[in-house]
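Have the structure open and follow along.

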Amino acid sequence: MSEQPETIAQLSFEAALKRLEEIVRTLESGEAPLDESIALYEEGERLKQQCEARLKAAQARIEKIQIGRDGQPTGTAPFDGE
């Protein structure tokens, strides 16, 4: 039932997030046996790390437009996240 780490790395951000949401619902329901819950938790942790890495990579690619005193664009600068 648990996905392999290399499979998780190949998932799109959206697919990884969807699977993570499924895992959370299953764990919150309390219906999974203990061994399955542990495996799901571990898979969820790998998915969370994958999603965080993808978000950081996306943020690093985002640039903000710099505007000069005359109100015209003068270039771009890295996005600082604030």
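**A guided walk**

Let's begin with contacts (heavy atoms within 4.5 Å). Among the contacts in the protein with a separation of 6 or more, 45% come from residues 24 or more positions apart. What you're looking at is a predicted model, where local features need pLDDT of at least 70 and side-chain atom pairs count only at pLDDT 80 or more, while totals for chains, interfaces and linings use all residues. Residues are numbered from 1 along each chain as its sequence is written, and side-chain values use heavy atoms, with hydrogens and water left out.

Now for the parts list. The protein has 3 helices and 2 strands, in the order α-α-α-β-β from the N terminus. Both kinds of element are DSSP runs numbered from the N terminus: helices are H or I with at least four residues, strands are E with at least two. Of the 82 residues, 20% count as buried. Buried means under 20% relative accessible area, exposed over 50%, and partly exposed in between, using a 1.4 Å probe and protein chains only.

Next, find α2 and α3. Their axes come within 9 Å and cross at roughly 150°. Axes here are lines fitted to C-alpha atoms, for helices over the stretch in contact, with angles from 0 to 180 degrees between N-to-C directions. That crossing makes α2 roughly antiparallel to α3, a label for angles over 145 degrees. The residues where these two helices touch divide into 11 nonpolar, 3 polar and 4 charged. For this tally, Ala, Val, Leu, Ile, Met, Phe, Trp, Tyr, Cys and Pro count as nonpolar, Asp, Glu, Lys and Arg as charged, and the others, Gly among them, as polar.

Which residues make up the largest nonpolar core? They are Ile8, Leu11, Ala16, Leu20, Ile23, Ala32, Leu40, Leu47 and Cys51, 9 residues in all. A nonpolar core is a set of buried Ala, Val, Leu, Ile, Met, Phe, Trp, Tyr and Cys residues joined through side-chain atoms within 4.5 Å. In soluble globular proteins, nonpolar side chains tend to be buried together.

Beyond its neighbours within four places in sequence, Leu20 is in contact with Gly44, Leu47 and Lys48.

Finally, visit the loop between α2 and α3, where you'll find Ala32. Is Ala32 buried or exposed? Ala32 counts as buried, because its relative accessibility is 15%. Leaving out residues up to four places away in sequence, Ala32 touches Thr26, Ser37 and Leu40. Ser37 lies in helix α3 (residues 34-61), and its 18% relative accessibility means that Ser37 counts as buried too.

Notes:
Parallel < 35°, antiparallel > 145°, perpendicular 65-115°, else oblique.
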